[in-house]
Amino acid sequence: MTSARRRSYGVKRAPYAHPSPTTTRERTRSAPYLFLLPATILFALFFALPIGYAVWLSLHKVQVKGLGLGAGARSEVWAGLENYTDSLTDSELLDGALRVLGYGAIVVPVMLGLALLFALMLDTDRVRLAPFTRLAVFLPYAVPGVVAAMLWGFLYLPDVSPFYFVLDRLGMPQPDLLDGGPLYLALSNIAVWGGTGFNMIVIYTALQAIPAEVYEAAKLDGATPLQIAIRIKIPMVAPSLVLTFFFSIIATLQVFSEPTTLKPLTNSVSTTWSPLMKVYQDAFGKGDIHSAAATAVIIAFVTLLLSFGFLRAANSRNKQEAAR
């Protein structure tokens with residue numbers, strides 16, 4: 001008697017059904033959209049939707065009837081561009097923008113200059129303890145901005161700072177870094193200390209991607225290490241410099257945590273020291289969320305405009321250099 005297992009071997013099976021070319025093309029076309037679907041949903045929920053809601057708030061205002069008491073005394077009505085007009089003519093916002101420009105004029109060149117210098121130094125053949133040095137330079141970036149501001153605020157206070165104690169023992173002058181013009185240097189120092197490591201890693205990674213044959217050819221031509229750095233390394237990492245400059249500009253326009261953390265330590269930092277601090281003050285201090293939304297939209301638009309203009313100028317310059 002033949003077993004069931006043996007009988008199954010003799011049964012003819014249907015050949016494997018290959019999908020039609022039309023079905024294959026449809027699957028190929030839909031695959032990218034399926035992969036993009038999760039990112040699109042997250043983008044819509046956490047980026048596009050909040051921006052749309054902020055724009056909607058900026059076009060409305062609260063209308064108060066009578067004393068503002070009772071049901072229906074406060075209603076949300078259409079305001080048009082009134083909130084934008086009030087924000088653009090607000091002297092506090094303009095003063096905050098000027099302060100941020102002065103702050104950025106110190107932070108951006110110093111931070112990118114140090115990042116480029118450290119990256120070039122780490123890319124040399126004679127450097128020692130390169131992994132430890134990279135970690136030491138990058139480590140401040142891992143410290144949260146609020147913690148870094150509190151740390152430096154402790155070092156800036158004359159009554160508790162160990163630096164002021166040493167200066168007092170040496171009989172040297174003790175400048176107040178939290179008052180007047182030195183305040184810009186104090187805030188800039190926090191940003192430079194925290195952001196140099198990130199930019200250094202970006203530039204250093206670009207330096208590592210340069211082929212070794214380029215350096216060997218330059219050495220055969222008699223180029224010194226300084227000439228190699230100026231004439232070969234820096235021009236070849238120009239795209240990375242553009243990228244880090246772009247990120248630094250955005251971070252400068254959005255400065256908030258450093259002056260907010262140092263505000264309780266000095267009277268020189270007002271509640272509207274930067275544009276984002278004014279947005280926070282209008283929304284949660286004054287309770288005018290509609291005016292705050294208009295100011296936030298203006299800041300976002302200015303950031304987008306500056307970023308787009310800078311990237312377009314950089315791309316046009318790269319095309320001109322490529323054409324040569």
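W152 has a relative accessibility of 17% and is therefore buried, a class that means under 20% relative accessible area, with exposed over 50% and partly exposed in between (1.4 Å probe, protein chains only). The model is predicted: local features need pLDDT of at least 70 and side-chain atom pairs count only at pLDDT 80 or more, while totals for chains, interfaces and linings use all residues. Residues are numbered from 1 along each chain as its sequence is written, and side-chain values use heavy atoms, with hydrogens and water left out.

**Aromatic contacts**

The whole structure contains 13 aromatic pairs. Rings of Phe, Tyr and Trp (its six-membered ring) pair if their centres lie within 6.5 Å; planes under 30 degrees apart count as stacked, over 60 as edge-to-face and the rest as tilted. Two of the pairs are set out below.

| Pair | Centre to centre | Angle between planes | Class |
|---|---|---|---|
| Y103 and W273 | 6.3 Å | 85° | edge-to-face |
| W152 and W193 | 5.9 Å | 75° | edge-to-face |

Y103 belongs to helix α4 (residues 91-122) and W273 to the loop between α12 (257-262) and α13, so their pair ties together parts that are 170 residues apart in sequence. Helices (H or I, at least four residues) and strands (E, at least two) are DSSP runs, numbered from the N terminus. Y103 is buried, with a relative accessible area of 3%, and W273 is buried at 2% relative accessibility.

In the other tabulated pair, W152 lies in helix α6 (residues 145-156) and W193 in helix α8 (residues 182-208), so the contact ties together parts that are 41 residues apart in sequence. W193 is partly exposed, at 28% relative accessibility.

One aromatic cluster is formed by F138, Y141, F198, F246 and F247. The ring of Y215 has the charged end of K233 over it, 5.2 Å from the ring centre; this requires NZ of Lys or CZ of Arg within 6 Å of the ring centre and within 35 degrees of the ring normal.

**Helix α13**

Helix α13 (residues 275-285) has P275, M277, K278, V279, D282 and A283 as buried residues. Just after α13, G287 adopts a positive phi of about 75°.

**Nonpolar surface**

L37, I41, L42, L45, F46 and L49 make a nonpolar surface patch of about 620 Å². L37 is placed in helix α2 (residues 21-58) and is partly exposed, at 44% relative accessibility. Patches comprise residues with over 30% relative accessible area and no salt bridge, nonpolar side chains (Val, Leu, Ile, Met, Phe, Trp, Tyr) being joined within 5 Å and like charges within 9 Å. A salt bridge is a side-chain nitrogen of Lys or Arg within 4 Å of a carboxyl oxygen of Asp or Glu. Accessible areas come from the Shrake-Rupley method with a 1.4 Å probe; for residues, only the protein chains shown count as cover.
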